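I am opening my notebook on this structure and writing down what I look up, entry by entry.

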Amino acid sequence: MSHKYYEEDTDMNNEQRLSYFDQWFKSNAQILAKEKGIPLSSYLSQITNITSFKATLKEVFSLDASLSNYVEGMSQRSFRLFYDRPVIQEIVEANKEKDEEFFEELKEETPVSVEQIAKETAIFFKGEFKEKETGKTVRVIAKEDKVVVRGKEQVRYRDSKGRFVKKS
Amino acid sequence: MESDYYSKVYIGHLIRECVEKREVALLGKNNANMRALKIKCLFDIDRILKVSGWKRNKQNLYRSVATLKEDIPFFTFNARKRSSETSVWFKNEYHKLIKKYDIFLDFDKSKEDSWEDLIKEVKSLKEYLDEYKVPYYLLFSGNKGFQIIIPGEYIKIEKIELGNIFPHKTIVENIKQMLNLKFLDLANNGVGSRLMKIPYSLISNGIEDEQEMNMALPLTDVQLQYFRVENMKVKNILSSTKLVRRGTLERFQDLSLEERKNNLQMFLNIFSFK
């Protein structure tokens, strides 16, 4: 089922929200281009019409769980409204004109988020920690960690306080 | 009266209590949507149902996740002029007025998913909340999901950035990621103007008869344990559950405010990996 949040934001002229999505589009596109080892201009050059924009937006937003969910539920009109945003239209126009300078400019302005990538690599589980003083077992979150024991690397789990915990 | 159900005084009081200092909105079919409404007394409920043509359109009732510093201004009910007034207010004023923001965990399933799987996942988070004695309440959302709400009074807003509320937005994202909650929907998570169903409101799902509609009902632990969607119809709830002064069924109300705040902080700390 599709949602109409983007349509509502547009209808209500909620420029702050709309530019929020513009920003995420730009910064995540930069990350993806970097991952693929191509210049941003080459990555964005695939956007020539609404269909190719849709595919690119889905890929770009897939870097963030929240945005990924958001884009999956976007209605057709929402995609069209996003496509009509100046930031996308400038790309489409630039692709028509093959204006490389535009992409260079965009590249300089876009910040890179390293945290997003780092966040994805961590693996979490439900965990338990037994308190020594009370003997009580409490639920915690266990993060997978690697420790070296007698020269061998082994998997261990730690909670947010850095204590060793059991995976439940 | 627009509705037999909403004209019941005890239902009116339950709804009024849940929307204090919050935006109220009616959204539904026929484009008969109205936002930036307020309910301060029972008369307001009847009035907004009338002006929005609820009898015809059967919109769902929503409230903002945010609690505001002051009452929403009075906007015209003239449908042609209203949105031009409210859109300016949303754009320029709304975010400045946000005082508190609930931690809102919205669990939704698709048609293919089973209720059992969804309930299992909701319970897996609930176990944590119960263990840490976190103040929360649990709501059947009226259609295909549940909502867990931790009231905003227990956690301060640190910043509002590009219309998003922090740390609330990050908290929900962390909970989803670290507990691997498949059904926890992050769409519009943390957005300042986000809406959620009003407890005890009707969810029409295209049904005309009020008695056959579902209700967005705050659930007890037992109701979740033995949940059946058929039991959420108005006629079944009214015949089986005493609703007078029932409230949201917030857990751990017997603890002091300070204890409840501390418990929430302890719970949030388990997700705070450096």
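**Entry 1: a loop residue and its neighbours**

I looked up B:Asn188 and found that, leaving out residues up to four places away in sequence, B:Asn188 touches A:Tyr5, A:Arg17, A:Tyr70 and B:Arg194, where contact means heavy atoms within 4.5 Å. B:Asn188 lies in the loop between helix H6 (168-178) and strand E11 (195-197) of chain B; helices (H or I, at least four residues) and strands (E, at least two) are DSSP runs, numbered from the N terminus. Because its relative accessibility is 9%, B:Asn188 counts as buried, the cut-offs being under 20% relative accessible area for buried, over 50% for exposed and partly exposed in between, with a 1.4 Å probe and protein chains only.

I note for all entries that this is a predicted model, in which local features need pLDDT of at least 70 and side-chain atom pairs count only at pLDDT 80 or more, while totals for chains, interfaces and linings use all residues. Residues are numbered from 1 along each chain as its sequence is written, chains are lettered from A and ligands numbered from 1 in the order in which they are written, and side-chain values use heavy atoms, with hydrogens and water left out.

**Entry 2: nonpolar cores**

I then turned to the nonpolar cores, each a set of buried Ala, Val, Leu, Ile, Met, Phe, Trp, Tyr and Cys residues joined through side-chain atoms within 4.5 Å. The largest has 74 residues, and those with the most contacts inside it are B:Tyr6, B:Phe107, B:Leu125, B:Phe146, B:Ile175 and B:Phe267. Helix H5 (residues 115-131) of chain B gives the most to this core, with 7 residues. For B:Ile175, again not counting residues up to four places away in sequence, I list contacts with B:Leu105, B:Leu125, B:Asn180, B:Leu181, B:Leu184, B:Phe267 and B:Phe271. A second, separate core of 31 residues includes A:Leu18, A:Tyr20, A:Phe25 and A:Ile91.

**Entry 3: chain A and a helix pair**

In chain A I find 9 helices and 4 strands, running from the N terminus as α-α-α-α-α-α-α-α-α-β-β-β-β. Of its 168 residues, 42% count as buried.

Helix H2 (residues 15-36) of chain A packs against helix H4 (residues 50-61) of chain A at an angle of about 80°, with their axes 8 Å apart. H2(A) and H4(A) are therefore roughly perpendicular to each other, a label for angles of 65 to 115 degrees. Among the residues making the contact are A:Trp24 and A:Phe25 of H2(A) and A:Phe53 and A:Leu57 of H4(A).

Definitions and conventions
Axes fitted to C-alpha atoms, helices over the stretch in contact; angles between N-to-C directions. Parallel < 35°, antiparallel > 145°, perpendicular 65-115°, else oblique.
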